[in-house]
Amino acid sequence: MDPRILRESLETVLAMDDKFPRRFYEILFERHPQVSSLFVRSSAGAQQKMFAQKLCAIVDHVEDAEWMTRELERMRVAHDEYGVTAEMFPWVGDALLDTLREALGSGFTAEVEQSWRVAYARLTSTLLKER
Amino acid sequence: MRTESTASEISLPWERPRNVFEARALHLVLAWSLDEPDRLGEAIPIRDAVCVGRGGALADDPAPRGQPFRMRPGTTRSCSPIASARISRLHLVVSPTGNGTAEIRSVGRAVMRVNGRACTSAEVRAGDVVEIHNAAVFLVTERPLQLPVVDEELTRFAFGAPDRFGVVGEGEAAWEMRSALAFAASTDRHVLLLGESGAGKELAARTIHGLSSRHAKSLVSRNAATMPESLLDAELFGNVKNYPNPGMPERLGLIGEADGSTLFLDEIGDLPEAHQVHLLRVLDSDGEYQRLGESKVRRSSFRLVAATNRPLEALKHDFLARFTHRVNIHGLGDRRDDIPLLLATLLKRTATRNGAIAAKFFERRGGEIAEPRLAPDLVARLLRHTFTHHVRELDRLLWLAIGSAPADYIGLTPAVEAELNDSEESATVVAPTELDRDAIVKALAENGRSPSKAAKALGLKNRYVLLRLLKKHGLSAASEDGEGEAS
């Protein structure tokens, strides 16, 4: 996993106005409509901003073990409260990778895909650890 | 014993250096942020060269990180680094030039626009507006590095929010005004408020009353321009029953009503000179006056707060002399850095009172109404507009934007655009560099190779301008790598 690749690819897709976070939720909800009921407390725009912000913060701090431990624990508690189940994590991961693939086009190289796969696997394992 | 004194030992208050509040610098004040809308009003000082970008310092930063501050009188609280996902880790490098301007260079991914023009570098001065596409809008201001201390009581409200009297603003002019109003309030002397129509003179009068020892009683407020000349004396001083005409009811008069309180007379400059003279006696310390048709001398312990948008010469000199304090109520031209905060307050008030507008134009977070969906180009243009009716005009333009909004965001519609101009002082960018080939290639790549979208992202007027530039650089919108014939 190369943090530089993660950051550069994320910055590229986030520079595409609001397309990237919007498309992520479109893909996720299209494939798994039942997930949309977890997102009713915030408007779509706010949810998309929060997603982009959180993803960016994680990528920025991917080498900061202390930050990751602290923030992922907060995320884990919040996810539990929202009713996120273990089976949903691969759904989100697949939607994320497919959105990146779609947005980056030929820029979604094997190297980029590998970095995101490894990063998401690490994230998931931490968030599922305490379950 | 003989002691040697040095300049640094001087301790007499009037001999101390006064430069603490005189040291000034350009600042980048956050006026709009897609991801961090709760940080409006935070300012990054440009004393020396600084880098602006997401997160903390990077090893290869060419200069120290610009630290965002929340500046309050007597304190400057440093804030966390910018966290907006759409701002690159190193996006801007800003260096003061030493002659009141700063050179600003964009090295980030999202396009920079200065006063609406896409560029990679520019020389900016106070009043200029710097946008990072779909991420942030900054206003360049010149302000002191520290605001003079005011009574702590005045600062007890959240940063950027209205104070307890409804005054909004965190800039130098807003705090100077709050301080002057508080001082005037503490002295119980008559006050003259000077400012253009719509600048907030009534709010200032309410602040003086609210901060004064008279606040327990209601403020008596009247617009002098609306009083018929033939009834002016009766309105001001009151009259006994059936005077001057049979059937006239008894009136206390505004001065009698304001006994123990504050009388706010707006547009005092419209009061005819003869009536200004009538007020001289009652404005003296004893507050003596007589109702019309009554020989008895009455006394009213009132404080007059008068306001005018006219030159001081419009008032008789001896009338003018009764006002111990004159407080300038700054228009928006003097406090552009407060425009984003005023916008936020006006929008929040609108959303609170109108559920349909809140549902259509505001985001919702955790079930609560959150930030408005406000287009950055509207904010950028409002920051450069020359206001003639100030907050009242801003409010009107906002309603125009809401009323003419084609979708679920408040933006720069043709109806609003037709009302806006660019203030002279903000149109001073010196030679931003022409769009270079890399910026065009990047914009096309980031916008799915759509000339229309890329043109918008680059701040160009329309896609035809981009197509001309593509031709000039030997580029094509269609080809993957940007090379080839122009389409």
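**Sheets, local geometry and the A–B contact of chain B**

In chain B of this predicted model, four strands in the order β3-β6-β7-β10 form an open sheet with antiparallel pairing, where two strands are taken to pair if DSSP finds at least two bridges between them. Helices (H or I, at least four residues) and strands (E, at least two) are DSSP runs, numbered from the N terminus. Because β3 (50-52) and β10 (121-124) of chain B stand at the edges of this sheet with a single partner strand each, one side of each is left without a neighbour in the sheet. Neighbouring strands are turned by 20° against each other on average, direction ignored; the axes behind such angles are lines fitted to C-alpha atoms, for helices over the stretch in contact, and angles run from 0 to 180 degrees between N-to-C directions. Within the sheet, strand β7 (residues 102-106) of chain B pairs with β10(B) in the antiparallel sense over 4 bridges, and the bridge partner of Glu103(B) in β10(B) is Glu123(B).

Residues are numbered from 1 along each chain as its sequence is written, while chains are lettered from A and ligands numbered from 1 in the order in which they are written. Since the model is predicted, local features need pLDDT of at least 70 and side-chain atom pairs count only at pLDDT 80 or more, whereas totals for chains, interfaces and linings use all residues, and side-chain values use heavy atoms, with hydrogens and water left out.

A further open sheet of chain B comprises 5 strands in the order β14-β15-β18-β13-β19, with parallel pairing. Strands β15 (residues 262-266) and β18 (residues 303-308) of chain B run parallel and are joined by 4 bridges, with Arg303(B) in β18(B) as the bridge partner of Thr262(B). Helix α2 (residues 201-211) of chain B lies across β13 (191-194), β14, β15 and β18 of chain B, and runs at about 150° to β13(B).

Strands β4 (residues 69-72) and β5 (residues 75-78) of chain B run antiparallel and are likewise joined by 4 bridges, Arg72(B) standing opposite Thr75(B) in β5(B). The hairpin of these strands has 2 residues between them, and Gly74(B) takes a positive phi near 85° in it.

Most residues other than glycine have a negative phi, and most peptide bonds are trans. A cis peptide bond, with omega about 5°, joins Tyr243(B) and Pro244(B), the latter being found in the loop between α3 (232-237) and α4 (253-257) of chain B.

Leu145(B) is located in the loop between β12 (136-144) and α1 (172-187) of chain B. Although Leu145(B) and His27(B) are 118 residues apart in sequence, their C-alpha atoms are 9.0 Å apart in space. When residues up to four places away in sequence are not counted, the residues that Leu145(B) touches include Ala23(B), His27(B), Pro45(B) and Met71(B), contact meaning heavy atoms within 4.5 Å.

The contact between the chains takes 23 residues from chain B and 23 residues from chain A. The area buried between them is about 2100 Å², of which carbon and sulfur atoms give 39%; buried area is the accessible area (1.4 Å probe) that two parts lose on being put together, summed over both. Arg86(B), Arg109(B) and Arg364(B) supply 27% of the area that chain B buries against chain A, more than any other three residues. There are 6 salt bridges between chain B and chain A, a salt bridge being a side-chain nitrogen of Lys or Arg within 4 Å of a carboxyl oxygen of Asp or Glu. In one salt bridge, the side chains of Arg109(B) and Glu11(A) meet at 3.5 Å, N to O. Strand β20 (residues 362-365) of chain B contributes 3 residues, the largest share, to the side of chain B that touches chain A.
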